Each structure stands twice: as structure tokens, then as C-alpha cells.
Amino acid sequence: MSVLPDRPSDGHPGPGSPTLELRGVNKSFGAVQVLHDVHLTVYPGQVTALVGDNGAGKSTLIKAIAGIHPVDSGEVVFEGRRVHLHGPRDAARLGIEVVYQDLALADNLDVVQNMFLGRERKRGVVLDEASMEQAARDTLTKLSVRTLKSVRQLVSSLSGGQRQTVAIAKAVLWESKLVILDEPTAALGVAQTRQVLDLVRRLADTGHAVIFISHNMVDVFEVADRVAALYLGRIAADVPVDQVDRAQVVELITAGRSGDLGIEPTVAEAGV
Ligand SMILES: Nc1ncnc2c1ncn2[C@@H]1O[C@H](COP(=O)(O)OP(=O)(O)OP(=O)(O)O)[C@@H](O)[C@H]1O
Ligand SMILES: [Mg+2]
């Protein structure tokens, strides 16, 4: 990776300053440009819903933020400093954690083992099970997660919502500053969705910046502080949620424009 700047000396940005800013980000795969001049601002303590139709570029955008698909041009600014992310480790080092839809949890391991997978604590040559178990419990308590019977339960025995909870708690355990959730409620029933939305809210309320990808407008309006709409790889709007209603967001997703908001009509009509 290229040189990443050190954290600011006090470790915290000023209140209200964004955790992440994308400025004019472009990304192509071969001859196909997927992201066009993307500007996005994500604040600590807020849930930013990232919405857009299938193929709009949402996953590509979060993979750029996670260092998996480095951007071709444009700036990625994290806590006020420009950074160059060349791999997931660069992103993790800054405190960016992504909870992917497939969750990447290991079924044959328990909750604690999953939360510490690849980053186990050791005492000498042996694993420090007691300390890992305590840290896992503390993190779940901090997030008010009460539905797990035991942190020593195998992940294969958990419900979809509980698995999602463990994946999110894992991101929190690693002192993440920005947690990105790719459709965390897509496969869940009503009660489990409720549980995960509550957790997403608590993530923001405990100071994390959260990007929440969803196709579900009810979920978006319930949990988000801001809405960023992608249309054919362009940001059609990035606004506080109270400045738009559901119909407008749907229009931004499907047409790239709604009233005064959106992409210039010439661009939207050309569909490029
Ligand atoms: N690795 C890749 N190589 C080439 N094209 C890609 C690659 N990844 C994504 N694309 C293309 O980029 C566009 C955006 O895809 P992306 O997965 O980011 O969309 P999305 O908004 O996440 O959609 P969905 O809601 O269906 O998950 C699509 O046209 C897709 O075919
Ligand atoms: Mg996607």
C-alpha cells in the first residue's frame, strides 16, 4: 500500500466532521465505467442509507471503500485525510469494517471464535479464551444484544437475524469507525428485521458511522439519517432523510431525478 497518514493526534475528528468523504470517484471494469464522479459524505453517529436499483453500483462503491476494488480516480478522505486503499487490510487498519451479505461466518465455530477469527488473542502460545469470551460478551452487551443464549453456541445453530447480529458485533469489536452493511435485512423475517434495524440504529448511536445498503424503503426511512441514491453509477442525491419522502427516493432510484433533486436531465435521459 502507499503511505497512509497517521491518525490525527487526538484520535478524533471534530464533532460534525465527516468520517468518510468520496470526491469525484470513478471506477471502471475494463471498458465499462461503473462509478461516475461519485461524491458521498458519511458522518459519525449517523446511518447513511445507500440505495439504488440492481446494477446501480452500490456493491462496487462499498468494495472501493473497503479497498477491494481500488478507485481509478478521485479522492477518498477518511477523518479529514486523503487515503489510498489498496486492499482490505488498508481499510481495516483505518477502522472500516464491511458486513457482507453472505456474512462470511464459519458455521462450525462458535460465536466467540467467529468474532475473533484471524485475530485471536493469545497468552504465550495458547489462546486466551477467557479474555476473548469476555470481550465478545461485553461487545454484545454494549449493543444490547440479548437474544443469544450463549457466546459458546455454534453459529450453525443461530437464526438468520442472530447471525447478522454476530457479524455486526464482530465489526464493532474491532473498534471500527465506519461499518458498512450490505442488505443486512434482505433475507430476514419481520421480527429478525426489527432486531437488526435496532442494532443498526444502536451502532450509530454509539458513535459509529454506518452505511446501510437496502432496497426496502420502509427500512430506509425507519433507520436512516441520510439517504444517498445511486443511479447508473452516479449519485442522484445525498441528503438528510427528512428532506425527501418515499416517493421521491423511489423516483431518484428509478429515474435519477425527482423535482429539484437528481442528476442533470440530459445525463439522466441519455441513461449513461
Ligand atoms: N468485477 C466486475 N467486473 C465487471 N463488471 C462488474 C464487476 N462488478 C460489478 N460489475 C458491473 O458493475 C455494475 C454495478 O454492479 P454492482 O454489483 O455494484 O451493483 P449493485 O448496485 O450492487 O446491484 P445489486 O442491487 O443487484 O446488488 C453492474 O453492471 C455490474 O455488471
Ligand atoms: Mg450489490
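In helix α1, the buried residues are K58, T60, L61, I62, A64 and I65. The helix is thus described as mostly covered, with six of its eight residues buried. The model is predicted. Helix α1, spanning residues 58–65, also supplies the largest share of the shell around ligand 1, namely three residues.

**Ligand 1 and its surroundings**

- The shell around ligand 1 consists of F29, V34, D53, N54, G55, A56, G57, K58, S59, T60 and H215.
- The side chain of K58 contributes an N or O atom that is 2.6 Å from an oxygen atom of ligand 1.
- On its own, ligand 1 has 630 Å² of accessible area, of which the protein covers 57%.
- K58 and T60 belong to the shell of ligand 1, and both are among the buried residues of α1.

**The open sheet**

- Four strands make up an open sheet with antiparallel pairing, in the order β2-β1-β4-β5.
- Strands β2 and β5 (81–83) stand at the edges; each has a single partner strand, so one side of each lacks a neighbour in the sheet.
- From one strand to the next, the twist averages 30°.
- Strand β1 (residues 20–29) is joined to β2 by seven bridges in the antiparallel sense.
- Along this pairing, K27 stands opposite L35 in β2, and F29 is placed opposite V32 in β2.

- H36 lies in strand β2, which covers residues 32–42.
- The relative accessibility of H36 is 15%, and H36 therefore counts as buried, the cut-off being under 20%.
- A polar atom of the H36 side chain is 3.4 Å from the backbone oxygen of Q33.
- When neighbours within four places in sequence are left aside, the contacts of H36 are V25, N26, L232, G233 and R234.

**Backbone positions with positive phi**

- Most residues other than glycine have a negative phi.
- E79 is not a glycine, yet its phi is positive, at about 45°; this residue is located in the loop between β4 and β5.
- With a relative accessible area of 10%, E79 is buried.
- E183 is a second residue other than glycine with a positive phi, near 50°, and is found in the loop between β9 (178–182) and α6 (190–205).
- E183 is buried as well, its relative accessible area being 19%.
- Two glycines also take positive phi values: G30, near 60°, in the hairpin of β1 and β2, which has two residues between the strands, and G67, near 80°, which follows α1.

Key. Residues numbered from 1 in each chain as written. Chains lettered and ligands numbered in written order. Predicted model: local features only at pLDDT ≥ 70, side-chain atom pairs only at ≥ 80, totals over all residues. Heavy atoms only, no water. Buried < 20%, exposed > 50% of the residue type's maximum accessible area, 1.4 Å probe, protein only. Polar contact = N/O pair within 3.5 Å; in protein donor to acceptor, adjacent residues only side chain to side chain. Contact = heavy atoms within 4.5 Å. Pairing = 2+ DSSP bridges. Axes fitted to C-alpha atoms, helices over the stretch in contact; angles between N-to-C directions. Near = heavy atom within 4 Å. Areas by Shrake-Rupley, 256 points an atom, 1.4 Å probe, with all protein chains shown as cover.
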